[in-house]
Amino acid sequence: MSTPETTHESMHVDPAERAWIRTSIVVLVVFAISVTIAGFMLGIQVPTTEQRVNPQTIQDAPPWSEPGVREIVAGEQYEVYVVAKRFFFEPNAIELPAGAEVTFYVTSTDVQHGFSIRDTNVNFMVIPGEVSKLTTTFDEPGDYPYICTEYCGLGHAVMFGSVTVTP
Amino acid sequence: MATEADNDSEVQEEFKPRGTVAFAAAFVVVLLLMWFSIYIIMLSRGTTI
Amino acid sequence: MLTDTTTTPVYELTKPDKKFIGWHIFFAVTALTIGSLFGPLQALEHAGVDLYPRLDFLFVEFNGVNSYYQGLTLHGVLNALIWTTFFITGFTTLVVIRGLKRPLAMPLLNRIGFWSMVAGLVVAAIPLLGNKATVLFTFYPPMQADNLFYIGLVLVVVGSWIEGWGFMLTLWRWRKENPDTKTPFIVLAAVINVVLWQVATLGVAVEILALILPLGFGWVSGIDPQLSRTFFWFTGHPLVYFWLLPAYISWYGMLPKQAGGKLFSDSLARLAFWLFLILSTPLGFHHQFVDPGVPAGWKYVHSLLTFGVGFPSLLTLFTVVASLEYAARKRGGKGLFGWIRALPWGDGSVTAQLLAGILFIFGGIGGVANASYNVNLVLHNTAWVPGHFHLTVASAVTLSFFGICYWLVPHITGKPLWRPQLALASSWIYFAGMLIFSNAMHTVGLLGAPRRVPLGLAPYVPSEWNGHLFRVAVGGSIMWVGLMLFVVVVAVTAFQRKRLPEGEHIDVPVAESLDDPNKAPAWLDRWKPWLIAMVVLIILAYGPQLIDQIAGIESTSPGFAP
């Protein structure tokens, strides 16, 4: 780009539009700062790389040979392993206590699926060859359906499960 | 209407986009309201780490 | 109603060129007509009215329309990929010839490109109609369609490349012939879009040629689905700018003239397009925020870059609205907002584009939300997303293209627009349907409804979604009525016997600018720095991850039929 002087001399920008340009930048920066705060200070993060696996052999050995809930610290910390297959989740019913920190590990043995737990920020792609991971806490007891959110074939619409959160 | 610019000899019709400024200002308000309403939904749905 | 009826055209396209453009529009509108048949079916399905089982009479030669997903695939491929690409290459042909006032440098090249696209469309249509490519328009591996589907897509893309080379060559020639003249804005913008497309489609080309087809032909036993997604979304985001920029060309470079005004700032319009060129591609990870195989840090970087590409769109908002305000004031418009009423709302072409712009305000806001890193956790793969892109590709783009067709078809056929009042009505009906549809989709998406699901069948739909799903059905059906009116108006216009009175022409509306384009800084007419910036940004934003993901490739996923 040429020097700012020649730019300003030759490029006529209406003062109102100049103000708009500044406003636009401020608004976009406000959004960027907001997502940064939520992501890096308030603990709302997107999934990151976890582990590569072989979708064809993954269920030959633990933990994926027995998907389900693992209690790490009773009432406080749990891990949940879920396998997405056409057209169901293994397991399709999960029970967890309210207030505990729960980490979901999900993978697929066939095509791409999605995994989204209603009323939570747990919502990610499930891709064969990859393990998706997010951690959340269910504060309120109740039923939280989890559904497949990526088209996986003719039975896609009936692919779901449910987390029951007990007090 | 601003008439002070009329004494400017050359400019017979200086166009000032007042309506556009108003439109853009309204847009920014709507943008901020809608964006932050979704941001708040995100905050209400709990942490992921 | 068209104000551009003149007796002396500024530059007249040759008959063969007009016919050539006409073929583009013909295939585009035909694809749109067929693809849109399924829109209301999907919308009605959401409200519990499933008409798909009654469709077995359609395309029986091929095996019939068998499922919601086959309809959805046809809807996505024909509307989002075919209607757009064919219309845009046709429109670009018109813009380049009329803007440069010179014929194409190598018309044969463009014709080869175009007929490759047609061949690709036919080849892809066979498995699509035969329910052998029911993989939706994102065709994520390892789900596999019939190889013909991918071969057809490749032909369409390569054909569009070849047409693109024709446009680039024409501009290059013109610049040699006119070394001291600034490239007219509409041509610069159109060719920027062509270059953007050439670069952007490299991703999907690699995905299909290096990953999908080797699996399809059985040369390898597996594929890496994550790497495929990364290549797909390298193309996927700039793809939406490829759709959008022709609408912007009309909004900046034509609509002001149609409204009786001028482009508010030629320089800023050019700047916006250059920024789109360099910023559209290096941010594809914002479609992969919730992918397990992309590091969060890179997602964050691409999110920030996406805020960057928001800037030229915000710039566009101001410049286009100011251009319209200028026109409205000249027409006697008064007041802070009252001037809006003074715009030529009686003109179907102008109205379609104004309504497109209004819908795009909300499409743009939704897009910023999608791109906002963790906010995407609320939105990803929910009904919000199709709600969003119906405001962008199906409104800002499609409704603008309707408006363009209302002068373009008379221009190339020499026939008057049939029933201008119906043309006007079509846009309003489509607009009304879209407001209802998109609002309902966004709302039910925020409640957690997934996209790409026949929700009438899904066992997990809570009763609180029902009202919204009903509105989806109502809005979707109304949109279809508006769209069909457009098709009828355009088809009758093109095929009627009536011609424009002798000596009368519908000219291409090309807006002058308030600032003198020849006084614009030289760097706004220079390709090299921007091309370098584009390549550097792509390398910086994509290079490390592409190297990582390619080096770590694990082709362990066998293919699956849908």
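At what angle do helix H4 and helix H5 of chain C pack, and how far apart are their axes? The legends below take up this question and then turn to other views of the predicted model.

**View 1. Packing of helices H4 and H5 in chain C.** In this predicted model, local features need pLDDT of at least 70 and side-chain atom pairs count only at pLDDT 80 or more, while totals for chains, interfaces and linings use all residues. Residues are numbered from 1 along each chain as its sequence is written, and chains are lettered from A and ligands numbered from 1 in the order in which they are written. Helix H4 (residues 147-177) and helix H5 (residues 185-200) of chain C pack at an angle of about 140°, with their axes 10 Å apart; axes are lines fitted to C-alpha atoms, for helices over the stretch in contact, and angles run from 0 to 180 degrees between N-to-C directions. That angle makes H4(C) oblique to H5(C), where under 35 degrees counts as roughly parallel, over 145 as roughly antiparallel, 65 to 115 as roughly perpendicular and the rest as oblique. Helices (H or I, at least four residues) and strands (E, at least two) are DSSP runs, numbered from the N terminus.

**View 2. Residues between H4(C) and H5(C).** H4(C) contributes C:Ser160, C:Trp161, C:Gly164, C:Phe167, C:Met168 and C:Leu171 to the contact, and H5(C) contributes C:Val187, C:Val191, C:Val194, C:Trp197 and C:Gln198; two residues are in contact if their C-beta atoms, placed from the backbone, lie within 7 Å. By class, this contact has 8 nonpolar, 3 polar and no charged residues (Ala, Val, Leu, Ile, Met, Phe, Trp, Tyr, Cys and Pro count as nonpolar, Asp, Glu, Lys and Arg as charged, and the others, Gly among them, as polar).

View 3. C:Thr170 counts as buried because it has 24 C-beta neighbours inside 10 Å; a residue is buried if 20 or more other C-beta atoms lie within 10 Å of its own, exposed if 12 or fewer, and partly exposed in between. Not counting residues up to four places away in sequence, C:Thr170 touches C:Val96, C:Leu100, C:Leu104 and C:Ala105.

**View 4. The side of chain C that touches chain A.** Here 58 residues of chain C are in contact with 59 residues of chain A. On the side of chain C, two or more residues each come from helix H7 (225-253), helix H9 (266-279), helix H10 (296-330) and helix H12 (376-379), and the largest share, 10 residues, comes from H10(C). This side of chain C has 37 nonpolar, 14 polar and 7 charged residues.

**View 5. The side of chain C that touches chain B.** In this view, 19 residues of chain C are in contact with 19 residues of chain B. The elements of chain C that give two or more residues to this side are H10, helix H11 (348-370) and H12, with H10(C) giving the most, 7 residues. By class, this side of chain C has 16 nonpolar, 1 polar and 2 charged residues.
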